[in-house]
Amino acid sequence: MNYSDLIQSIRKRFKFSSNDSFHLEYSSPACSSVYLDNESDFKMLFCCAKIYHMDNVLVTVVKDVGKSCSSTSVVVDDCAEMIDENDYLGDAFKDGPQKFFLSDEWGSYLSHAGQKFESIADFRDKLRKFAVQSGFHYVLSRNDSIYVNAVCANRDVDHCGWEVLGSVASINQCFYITRFNNVHTCRGMIRNRSHRQLGSKIVRTCIESTVCLNLGLKPREIMSNFKSTYGYEISYKVASRAKKRCVEKMYGSECDSFSMLSWFREAVLETNPGSSVVLEVDESTERFKRVFVAYAGQIQGFKFSLPVLYVDGAFGKSKYKGQILAATGRNGNKGRIITFISDRGVGLLKAFDLIFPGNPHLYCYHHLRYNLSRKYKNKGGEIVVADVLQKFFKVAYASTEKSFYFHLKNLRDEGGAATIDEFIREIPLEHWCRAFFKGCRYGIMANGIAESFNNWIVAERSLPPFAMLDQTRMKEMKMMSERSVESKSWTTKLTPKMEKRLKEQLDRSRVFRVIASHENVYEVRNDKYSYSVDISTRTCSCVKWQINCFPCAHALAAIQGARLDVYDFIDPYFTAEYYRMCYSFPIAPLSNVDASCSSTEDFILPPVTKRPAGRPKSKRIASAGEKKLIRCGRCNKMGHHNKKSCTEPLNMLL
């Protein structure tokens, strides 16, 4: 009904002619007399009726001659269909647009007797979702492998008649509803923001595809996404358990994951010939001990990478814990003797001495700084510690022995000779100071790439062994493919980062004058300093060429002074060609379509673990130097062992 319909109705009721003139008035709690002259006034009438909860409004019809003719009442039946109060409210008071959720369809999952479901599990899942969306709770009066009978939870209290009964057909194993009463006679159903039957089983079916694409999804992210997508709130525990169920559906239980390692070994060796997969199992107990994986593509690609390996360990966060040790190489976008870099883990130090006794071993500078700062705990303020670390930085980066001892003297004066001397004795100079390092360190001072790798697989570290290896393999396979495609578009001789570095060094070399001494030996000098460069042995008196394995500004000045090509004096590991070769050996994909037909039938038990008392530890493993030194009562040496665990040989005097 609109304003025109009202005018026509009044003319017909009071038999007004077309020449008769009249107007309409009505009253509201806010105003005693309101004129009703047009369509907008008519809409406002219904708006007032809704705001003040008026069942009817008395409208007075007044003739223009000034005499009241008659009055009648208008009953407000459904003003919402006739007027939208949002048209008259500010933005802050308007009702927002209705949002549709993926859970809206759950209310139609159960419809009639005779309805068919794929299985009894499918029916149970849809029954839960139907109850959640409809806003009621149910109990199962019968629930077995054939029959399911669910009734309203208020049946005993309010004698509610809602009920659904069904069974599995023996012919096709499908589930059919045989009786369905969808009428509730209890006090009513209200759909809340959460539901007690909205558990991890339902949530798992909703987030399965999302978790499959992103195993790093955190429970709180699942909670937020579920609220915005399905309109319901779930607890942190439900989100965590739902994610765990998704992983178990993809890879099986954590216990079964260890047996899948046998298939994984076969699959990798078959699809990636030349790979190395070592699986060690305790023969007496058939329990898992350790597994080592190196893909053929990475083994071949490492031949074209810098001869440097970053070694570090990280906690496994799954049910059976464990430790993940990784050796990470470095490409040039930054007779081979491999240089190792670590954080001085006690186990790593012993392994390096045993397996690689002649290889250079660098200690991570950042870990050393942390070790040194702990020496001043409760002994000095932040300013003092910052000054000590700044001077230690100059000691570590000293390029010559004279420079080293000069900065060491300043460090001892600032940090105290006793404390500094004790710290220096614990770490041999050749493992951390540039001036004493024997070998080529390519300018590396920290174990950052290993730490980055641990952070890169932080989500995979929470998975069981088989799932962790498979997910890590896919990430590595994708990364190698992307870098291979990216490098094909490069047009420079060096990798982009190293080409940029070369140009910067060439700009710095323009200020130097070059004086030839004899064949391949030059003196390079500026207004203040002079340097000796031998381009045949690739050495410079600043030692940077030897340390970084990349020509310094003095060396580039000498090379250009000799009219030689600077690219001939750059390590091939920095070239774009070597970079492309590094990633030209892909990791082949694995197919598990025939995993059930695998020839191996090894059953591997998980390791025996016991959850320690208290809250789980979240801190990283402390490296050597972070632990307090003690004096052994057997060998009388300072270290991290006592008399009981001492293995040092003793000199017996006869």
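A residue counts as buried when its relative accessible area is under 20%. In this predicted model, Ile341 has a relative accessibility of 1% and is therefore buried. The residue belongs to strand β14, which spans residues 339-342. Leaving aside residues up to four places away in sequence, Ile341 touches Val308, Leu309, Tyr310, Val311, Leu362, Ile444, Ala446 and Asn447. One of these contacts, Asn447, is 106 residues from Ile341 in sequence, yet the two C-alpha atoms are 6.1 Å apart in space. Another, Leu362, is the bridge partner of Ile341 in β15.

Strand β14 is part of an open sheet of four strands, arranged in the order β13-β12-β14-β15 with mixed pairing. The edge positions are taken by β13 (323-329) and β15 (361-363); each has a single partner strand, so one side of each is left without a neighbour in the sheet. On average, and with direction ignored, neighbouring strands here are turned by 25° against each other. β14 and β15 run parallel and are joined by three bridges. In general, strands of a sheet pair through backbone hydrogen bonds, in either a parallel or an antiparallel sense.

Five bridges connect β16 with strand β17 (residues 521-525), and the two run in the antiparallel sense. Within this pairing, Ala516 has Tyr522 of β17 as its bridge partner.

Turning to the helices, α14 (residues 382-396) and α15 (residues 401-415) have axes that come within 8 Å of each other and cross at roughly 165°. Angles over 145 degrees count as roughly antiparallel, so α14 is roughly antiparallel to α15. The crossing of α14 and α15 is left-handed. On the α14 side, the contact is made by Asp387, Val388, Lys391, Phe392, Lys394 and Val395. The α15 side contributes Phe404, His407, Leu408, Asn410, Leu411, Glu414 and Gly415. Sorted by class, the residues of this contact between α14 and α15 comprise six nonpolar, three polar and four charged ones.

Arg473 sits in helix α18, which covers residues 465-487. With a relative accessibility of 5%, Arg473 is buried because the cut-off is under 20%. Apart from residues up to four places away in sequence, the contacts of Arg473 are Phe264, Tyr295, Ile587, Ala588, Pro589 and Leu590. Phe42, in turn, is located in helix α2 (residues 39-51). The relative accessible area of Phe42 is 4%, so this residue is likewise buried. Phe42 and Ser4 are separated by 38 residues in sequence, while their C-alpha atoms are 9.7 Å apart in space.

Conventions:
Residues numbered from 1 in each chain as written. Predicted model: local features only at pLDDT ≥ 70, side-chain atom pairs only at ≥ 80, totals over all residues. Heavy atoms only, no water. Axes fitted to C-alpha atoms, helices over the stretch in contact; angles between N-to-C directions. Parallel < 35°, antiparallel > 145°, perpendicular 65-115°, else oblique. Left-handed = near helix turned anticlockwise from the far one by under 90°. Contact = heavy atoms within 4.5 Å. Nonpolar A, V, L, I, M, F, W, Y, C, P; charged D, E, K, R; others polar. Pairing = 2+ DSSP bridges. Buried < 20%, exposed > 50% of the residue type's maximum accessible area, 1.4 Å probe, protein only.
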